[in-house]
Amino acid sequence: MALAAAAGAPVRLADAVLDRVARPVAGDDLLTPFLDHVPPAGRLVNLPGQRPRYQPRNLSFADGLDRWDLDRGPRRESDRAYSVPNYSATVDGSAAILSAAVPRPAGSAALVQTIYADDYRGARVIFRGEIRAEPGTEQAGLRLEILRHPWRGGRMFGIFVVGPGRIELRHATLTRA
């Protein structure tokens, strides 16, 4: 159904099937509520004049880390700790926590969400949040990045940490100015 909606293709279903599997959708946006059901390969298809919209979601972390990705940065097999994650992410109440999982982690990590940059083209974008870094944290902060790769035509926002330490994010917002 999600692929049909993305392609703008009509779908006919028997009433009995609709009674069993239909989900109500508020408003005219029939696609966004079902994007999590589209396989990754289906999301990469460019349809003329149409494409899914990815708005920031779960900014209060009420659904844990749903919609958030932990990017542990590039690692090499020659790294001593290659098989052991150097960083971890979790949720505590309404805060996301990104922290080093070992005393001397290699590289960096980011807890991020990706959206389409085109949705914000020409606008000033503000990413805000309350952050707290524990003493001894080497580098940490908010991150807003525009990706210009054809396969990742989006904007990424979130928090990052480099080296030992821990950062917390709560009350995150991403708005157009």
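1. His 171 is placed in strand E8; helices (H or I, at least four residues) and strands (E, at least two) are DSSP runs, numbered from the N terminus. Its phi is positive, about 55°, although His 171 is not a glycine. At 49% relative accessibility, this residue counts as partly exposed; buried means under 20% relative accessible area, exposed over 50%, and partly exposed in between, with a 1.4 Å probe and protein chains only. Most residues other than glycine have a negative phi.

2. The model is predicted: local features need pLDDT of at least 70, side-chain atom pairs count only at pLDDT 80 or more, and totals for chains, interfaces and linings use all residues. Residues are numbered from 1 along each chain as its sequence is written, and side-chain values use heavy atoms, with hydrogens and water left out.

3. A positive phi also occurs at Asn 58, where the value is near 55° in a residue other than glycine. Asn 58 belongs to the loop between H3 and E1. With a relative accessible area of 13%, Asn 58 is buried.

4. Strand E8 takes part in an open sheet of 4 strands, ordered E2-E3-E8-E5 and paired in antiparallel fashion; two strands pair if DSSP finds at least two bridges between them. At the edges stand strand E2 (87-92) and E5, each of which pairs on one side only. On average, neighbouring strands of this sheet are turned by 30° against each other, direction ignored; here axes are lines fitted to C-alpha atoms, for helices over the stretch in contact, and angles run from 0 to 180 degrees between N-to-C directions.

5. Within the sheet, E3 and strand E8 (residues 166-176) run antiparallel and are joined by 4 bridges. Ile 167 in E8 is the bridge partner of Leu 98. Ser 99 lies in strand E3 (residues 95-100) and is buried, its relative accessible area being 15%. Apart from neighbours within four places in sequence, Ser 99 is in contact (heavy atoms within 4.5 Å) with Asn 86, Tyr 87, Ser 88, Gly 165 and Arg 166.

6. Another antiparallel pairing involves E1 and E4, which are joined by 3 bridges. Leu 70 stands opposite Leu 111 in E4. Strand E4 (residues 108-116) is mostly covered, with 7 of its 9 residues buried.

7. The largest nonpolar core has 19 residues, of which Trp 68, Leu 98, Phe 157, Leu 169 and Leu 174 touch the most other members. A nonpolar core is a set of buried Ala, Val, Leu, Ile, Met, Phe, Trp, Tyr and Cys residues joined through side-chain atoms within 4.5 Å. E3, E4, E5, E7 and E8 each supply at least two residues of this core, and the largest share, 4 residues, comes from E8. Leaving aside neighbours within four places in sequence, the contacts of Leu 174 include Pro 56, Leu 59, Ile 115, Phe 127, Leu 144 and Phe 157.

8. The structure holds 3 aromatic pairs. Rings of Phe, Tyr and Trp (its six-membered ring) pair if their centres lie within 6.5 Å; planes under 30 degrees apart count as stacked, over 60 as edge-to-face and the rest as tilted. The pair of Trp 68 and Phe 157 is edge-to-face, because the ring centres are 5.7 Å apart and the planes lie at 75°. Trp 68 lies in the loop between helix H3 (40-43) and strand E1 (69-71) and Phe 157 in strand E7 (residues 154-162), so this pair ties together parts that are 89 residues apart in sequence.

9. Phe 157 also pairs with Phe 127: the centres are 5.3 Å apart and the planes at 65°, so this pair too is edge-to-face. Phe 127 lies in strand E5 (residues 125-133) and Phe 157 in strand E7, so the parts tied together are 30 residues apart in sequence. Both residues are buried, Phe 127 with a relative accessible area of 11% and Phe 157 with 0%. Phe 61, Trp 68, Phe 127 and Phe 157 form one aromatic cluster.

10. A search of the whole structure finds 4 salt bridges, each a side-chain nitrogen of Lys or Arg within 4 Å of a carboxyl oxygen of Asp or Glu. One of them joins the side chains of Glu 168 and Arg 132 (2.8 Å, N to O). This pair links distant parts of the chain, Glu 168 in strand E8 and Arg 132 in strand E5, 36 residues apart. Glu 168 is buried, at 11% relative accessible area, whereas Arg 132 is exposed, at 53%.

11. Glu 168 also meets Arg 170 in a salt bridge (3.6 Å, N to O). Arg 132, Arg 166, Glu 168 and Arg 170 are linked in a network of salt bridges.
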